[in-house]
Amino acid sequence: MSKSADEITSIRLDKWLWAARFYKTRAIAKEMINGGKVHYNGQRAKSSKLAEVDAVIRLRQGYDEKEIVIKKLSEQRQKAAIAQTLYQETPESVAKRETYAEARRLNVLNNPAPDHKPDKKQRRQLIRFKES
């Protein structure tokens, strides 16, 4: 017997992250929490920590670090449009992510990968250069 979204007052953090579609499975959510990638109200949390409305969560996903505020609780994983109503990302977090994304994009354009691998002579020159 499932409770409606209005009746839920707290839910396990790993289950909420899964329902809000931050991670594909609860096992991955639990692994990220235990690995220190998720902070609940500024502190490292355990996966069994009870998530509550208006709590601030900071989590890492790849290159991005997001800071979100829980707006609703849900025990069920639903459509992405519904899942996005469960939280709100802070404006500072959005600006920071955009700044880092732009920096990564510019870095790729300014430092392109070489067209080919160095040949034997060039490798020896690189080794001599690094040793001196």
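**A residue and its surroundings**

Modeller: Lysine 120 is located in helix 5, which covers residues 120–131. The model is a predicted one. With a relative accessible area of 52%, Lysine 120 counts as exposed, because the cut-off for that class is over 50%. Lys120 also belongs to a positive surface patch, together with Lys117, Arg123, Arg124 and Arg128.

The largest nonpolar core has 22 residues, and the ones that touch the most other members are Leu13, Trp16, Leu17, Phe22, Val38, Ile57 and Leu59. At least two residues of this core come from each of helix 1 (13–19), helix 2 (26–34), strand 2 (38–40), strand 5 (56–61) and strand 6 (64–70). Helix 1 gives the largest share, three residues. In soluble globular proteins, nonpolar side chains tend to be buried together.

Two loop residues deserve a check of their backbone. Most residues other than glycine have a negative phi. Arginine 21, in the loop between helix 1 and helix 2, has a positive phi, near 65°. Its relative accessibility is 38%, so arginine 21 is classed as partly exposed. Aspartate 54 sits in the loop between strand 4 (50–51) and strand 5, and its phi is also positive, near 75°. Aspartate 54 has a relative accessible area of 54% and is therefore classed as exposed.

Methods: Residues numbered from 1 in each chain as written. Predicted model: local features only at pLDDT ≥ 70, side-chain atom pairs only at ≥ 80, totals over all residues. Heavy atoms only, no water. Patch = residues over 30% accessible without salt bridge, like charges linked within 9 Å, V, L, I, M, F, W, Y side chains within 5 Å. Areas by Shrake-Rupley, 256 points an atom, 1.4 Å probe, with all protein chains shown as cover. Salt bridge = Lys/Arg side-chain N within 4 Å of Asp/Glu carboxyl O. Lys, Arg positive; Asp, Glu negative; His and termini not counted. Charge placed at Lys NZ, Arg CZ, Asp CG, Glu CD. Helix = DSSP H or I, 4+ residues; strand = E, 2+ residues; numbered from the N terminus. Buried < 20%, exposed > 50% of the residue type's maximum accessible area, 1.4 Å probe, protein only. Core = buried A, V, L, I, M, F, W, Y, C linked by side-chain atoms within 4.5 Å.
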